[in-house]
Amino acid sequence: MLKSKRDIIKSLTPEAILVPLTKEATNSVAQCQKGIIQIAEFPFKLGRELRVGENERGFFIKLRFRKSEVNSNNDIYLIDNSRNTQIAKEHFQIEKTNNFFLLKDRGSKTGTTINDITYGGSESDIEQVLNDGDIIKVGSSDSEYKFQFLVLKED
């Protein structure tokens, strides 16, 4: 069966993306094509890269070998170069239910800031509805890891 150009484009388009808005956010997404984090499946889990090493040439990321996609703690690993660590090993996840997106903090110490309101961390709220265009700071309100959440597919 022949697919139309529109059907092919729709099948290749992720549900949503996270677009880095700061230099720090852009530098944290080493393994992403063109620096954009694609969200194709849910739940989508984000956390800190722990395999960073240093030698005489500078910092580097150690090669990651996955035995199984099921065993992975995160779908994306961000590099945290801040003086005070902002990104937790398992920071947050985004879920989709009934055409709503929910951001759930996964027990991070610094929390997650959405449109200048911090959830998780020392606050009691650990989940929040996420809307198209929302600004997410991974960490506290002064975090430089700032991304915009964009929905690309409408149901």
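This is a predicted model: local features need pLDDT of at least 70, side-chain atom pairs count only at pLDDT 80 or more; totals for chains, interfaces and linings use all residues.
Residues are numbered from 1 along each chain as its sequence is written, and side-chain values use heavy atoms, with hydrogens and water left out.

A word on names. Strands are DSSP runs (E, at least two residues), numbered from the N terminus. Two strands pair if DSSP finds at least two bridges between them.

Now the sheet. S8 and S11 run antiparallel and are joined by 4 bridges. They belong to an open sheet of 5 strands, in the order S6-S3-S7-S8-S11, with mixed pairing. S6 and S11 (127-130) are at the edges with a single partner strand each, so one side of each has no neighbour in the sheet. From one strand to the next, the twist averages 25°, taken between axes fitted to C-alpha atoms, with angles from 0 to 180 degrees between N-to-C directions.

Elsewhere, S1 and S13 run antiparallel, joined by 5 bridges. There, proline 20 stands opposite phenylalanine 147 in S13. S12 also pairs with S13, antiparallel, over 3 bridges.

Next, the core. A nonpolar core is a set of buried Ala, Val, Leu, Ile, Met, Phe, Trp, Tyr and Cys residues joined through side-chain atoms within 4.5 Å. Buried means under 20% relative accessible area, exposed over 50%, and partly exposed in between (1.4 Å probe, protein chains only). The largest such core has 23 residues, and Leu78, Ile94, Phe147 and Phe149 have the most contacts inside it. Strands giving two or more residues to this core include S1 (16-20), S7 (92-97) and S13 (146-151).

Now charges. Side chains of opposite charge can pair when their charged atoms come close. How many salt bridges does the structure hold? There are 4, counting a side-chain nitrogen of Lys or Arg within 4 Å of a carboxyl oxygen of Asp or Glu. Glu95, Lys104 and Glu127 are linked in a network. Within it, the closest N and O atoms of glutamate 95 and lysine 104 are 3.3 Å apart, and lysine 104 meets glutamate 127 at 3.8 Å, N to O. Lysine 104 is in strand S8 and glutamate 127 in strand S11, so this pair ties together parts 23 residues apart in sequence.

Another salt bridge joins glutamate 90 and arginine 106 (3.6 Å, N to O). Glutamate 90 is partly exposed, at 28% relative accessibility.
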